[in-house]
Amino acid sequence: MTSIRGRLRRRTAAAGGTLLLASLLVGAPAHAAPTRAEAESATISQGVVESNHLNYSGTGFVNTDNVTGSYVQWTASAANAGPAVLKIRYANGTTIDRPADITVNGFLVAGAVSFPGTGNWDTWATKTLTFSANAGANTVRVSSTSVNGTANLDYIETEVEPASTDYQAESATLSQAATATNHTGYTGTGFVDYTNVAGGYVEFTVTRLVAGSAKVTLRYANGTGADRPLDLAVNGNTAASDLSFPATANWDTWADQTITVSLPAGTSKIRATATGASGGPNLDRLRLTPQSDSTAPTTPGQPVCANITDTALDLSWGASTDDTGVIAYDIYHDGNKLTSAAAPATGTRLTGLSPNTEYRLSVFARDAAGNVSLSSAQAICTTLPSSDTQAPTAPGTPSASGVTGTGATLSWGASTDNTGVTAYDVRIGTTVVKSVTGTPPATSASVTGLACNTAYTLNVVARDAGGNVSAASPTVSFTTTACSGGVPSAISTLSTGWTIPWGTYFLPDGQTALVTERDDKVTAGQFKVFKVTLGGTRTQVGTVPNAVTTNGEGGLLGVAVDPNWATNHFIYFMHTAAEGNRIVRMTYNGTSLSGYTVLVQGIAKNRYHNGGRLAFGPDGYLYATTGDAQSSANAQDKNSLNGKILRMRTDGTPAPGNPFGTLVYSYGHRNPQGLAWDSQGRLWEAEFGNSLYDELNLIKPGLNYGWPTCEGTCSVSGMENPKRQWSVDTASPSGIAIVRDTVYMAALRGERMWRIPLLSGESTGTPTAYYVGTYGRLRTVTKVPGADQLWLSTTNSDNNGGAANGSDTIFKITIS
């Protein structure tokens, strides 16, 4: 205070624009104008740009084909993450609704949204929805859910709630208070000085794009020795009574008082009324900060399968609840999303399934802020055998050409089938080394990953959509040429009897490695650690306490050995715990584990996407990979530890030089896995994609690797493209190692080891696959210190592999 007081192939055109609130209220700063993106400049699938109707914006509009699945996809930019409004301008000159799914960044925001008739094709309307935006680029797709296609689409407009908005007190409505400037340190053009009476007030008019909670921060000064409380009311309703505004050092010293309130969309009145005879403090401004929804929905109820056929089934589940409301349910088979169902529906029909196949189905609830529930229990359901029992004819005799030291090109005669051939498998005996798919599939293939100077005999079989397999073709034989070096030349069994060996890390002496087992379906609750010698002898040295399974991809994960282990005996683990994923430290004296210290908590967990790799870099700091815990918004949130690569001191605190001053080293990751450094000290990382592409990335501090906006290469400004990408059925990468500046990458679903040479600059050579289908799911590949050798482990005992406990193996590979 001062001294005393203080569309029918068809139709389309466009009229008008989106109706936007443009009035500026006294004291209410205007929001930034909505960002418009025209449909004619968007990505179009099954549709054309037209201009044969009136009143459209820009140079035209999009008329999608009258088919299910036609879509228009825009890229919309957001200055900051937060609640956002999406407006879709459309015309529908029919009387038939043209519903569409609205997805943002690959996730369903609203399903089968109604786009009813607008009277004619020259009359335009606006459909308005809310969503949670990522900072930077966001992909928005409108996709037809009926055979009528979408309505004609003119443009979208997006507007994101500002990270915060300031409202100056001197621009507010005042009663028994006045504007003053006789003290220093205020913002704007002045401050408000209450009269020394009860009942004086300052009333701010504020605006919100999206309803929800927000922090109200009042900046004030109180140069007296006494508290000057205020009542705060929102739209006439009391939000806080006698809110304390204690003394500051003097009238030139300002402080903040913050409360959380709930605000509707649009304008609201926030009144701060003095409750004492001395009036209120001096008020400088009100800052409005939308408060993000951080509460995840409850776990969906047990899913149940019904009406199962050879290619489809009905899945239903118990509803979830949420503080702001569930908007969708995501259905996963193991770690890959199959589809989403818009709430409030608690069931959907899954189609396009493979006959006679076991599906392990989990359901996750999601709210508008992108918060995702923990996984439901699994429904394990098997589709029926196909009604098609007729196998294709055997392929014609194959021939080999272009034989090299590690591969050859095979060609063969086409098969025939009553319903159509869908794939050819190239095999060594009965082991598939290459699959060719398509409509129809090609009758040639490049076979890679063969051993140098070795005789091979291969055959080909054909498959149809019903899973029927033909008789084998006649065989073709050839011998690979000698190799010049730098390739796997020998593989042998090092150690057997393992159950999901996940992490491998050598001690500094290079003679012994520590290996973790992720979880065990029989001896539940045991998360074992073994030492393994170069000769393959293994000995259990202990377990990691407080570890729990997620019945998916969580449990006891990565292990790393302190570079100074000889003196401090420190070992580091990443594991799933009751509250989430942790990074912990234990002591290993060469014989047993002891002690347990938590270094990092607050890494969210879920059934899948837990990351888990640990490795010490050449800089001596500990690096860790964390998954997005199936909540994709985590990956772009730099305040979240999920969807990141972390870098830390050995006490768990941020390492010096981290780009944001936190543990975060890079962000925008979905489920990062392997970590390894090349001879230049550069960090390379392998990463699980969702359903399209897996990645090999070159990691640099502070950069954004794109998820969920990008999966694979997408060339979005501010987001890094991978240096290599693979289809998920040929990769699903886990661990990587680097030998002679060549990356070796273990692949789970792809059941192979990839070899990727690192070339000059930041480019990579042509990847080559080894051991395709020979050993099953490959989890971790580790360089043996001081030798051109690798250890390669399988995880066929996990849920996806389905093998019995003890079925996994560690192999030794020699690089020639």
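Are cysteine 305 and cysteine 381 buried or exposed? I opened my notebook with this, and I found that cysteine 305 is buried, as is cysteine 381, where buried stands for under 20% relative accessible area, exposed for over 50%, and partly exposed for what lies in between (1.4 Å probe, protein chains only).

**Ground rules**

I noted that this is a predicted model, in which local features need pLDDT of at least 70 and side-chain atom pairs count only at pLDDT 80 or more, while totals for chains, interfaces and linings use all residues. Residues are numbered from 1 along each chain as its sequence is written, and side-chain values use heavy atoms, with hydrogens and water left out.

**Disulfides**

I looked up the disulfides (pairs of cysteine sulfur atoms within 2.5 Å) and found that the structure holds 2. One joins cysteine 305 to cysteine 381, with 1.8 Å from S to S. This pair links distant parts of the chain, 76 residues apart, with cysteine 305 in strand β23 (residues 304-306) and cysteine 381 in strand β29 (residues 379-382). I took helices (H or I, at least four residues) and strands (E, at least two) as DSSP runs, numbered from the N terminus. The torsion about the S-S bond of cysteine 305 and cysteine 381 is about 85 degrees, so I wrote this disulfide down as right-handed.

A disulfide also joins cysteine 710 to cysteine 714, with 1.7 Å from S to S. Its S-S torsion is about 55 degrees, so this disulfide is right-handed. Cysteine 710 counts as buried because its relative accessibility is 4%, whereas cysteine 714, at 30%, counts as partly exposed.

**Cavities**

Next I turned to empty space. Rolling a probe the size of a water molecule over the atoms shows where such space is left. A cavity is a set of points, on a 1 Å grid over the protein atoms alone, where a 1.4 Å probe fits but cannot get out, and lining residues have an atom within 4 Å of a point. Grid points are joined across faces, edges and corners, and a volume is the space filled by probe spheres set on the points.

The largest cavity has a volume of about 170 Å³. Of its 17 lining residues, the closest to the centre are Val104, Phe107, Ser132, Arg366 and Gly370. I saw that β9 gives the most to this lining, with 3 residues.

The second largest cavity holds about 60 Å³ of space, and its lining includes Cys710, together with Trp707 and Glu711. Here β52 supplies the largest share, 3 residues.

**Strands**

I then asked which strands pair, which needs at least two bridges found by DSSP between them. An open sheet of 4 strands runs in the order β33-β32-β35-β36, with antiparallel pairing. Its edge strands, β33 (431-437) and β36 (476-479), each pair on one side only. Between strand β35 (residues 455-464) and β36 there are 4 bridges, and the two run antiparallel. Alanine 455 stands opposite threonine 479 in β36.

Last, I followed strand β40 (residues 528-533) to strand β41 (residues 538-543), an antiparallel pair joined by 5 bridges. Valine 532 has arginine 538 in β41 as its bridge partner. The hairpin of β40 and β41 has 4 residues between the strands, and glycine 536 takes a positive phi near 100 degrees there.

Key
On a 1 Å grid over the protein atoms alone, a cavity is a set of points where a 1.4 Å probe fits but cannot get out, and a pocket is an open set with protein on both sides within 12 Å along at least five of seven lines; lining residues have an atom within 4 Å of a point.
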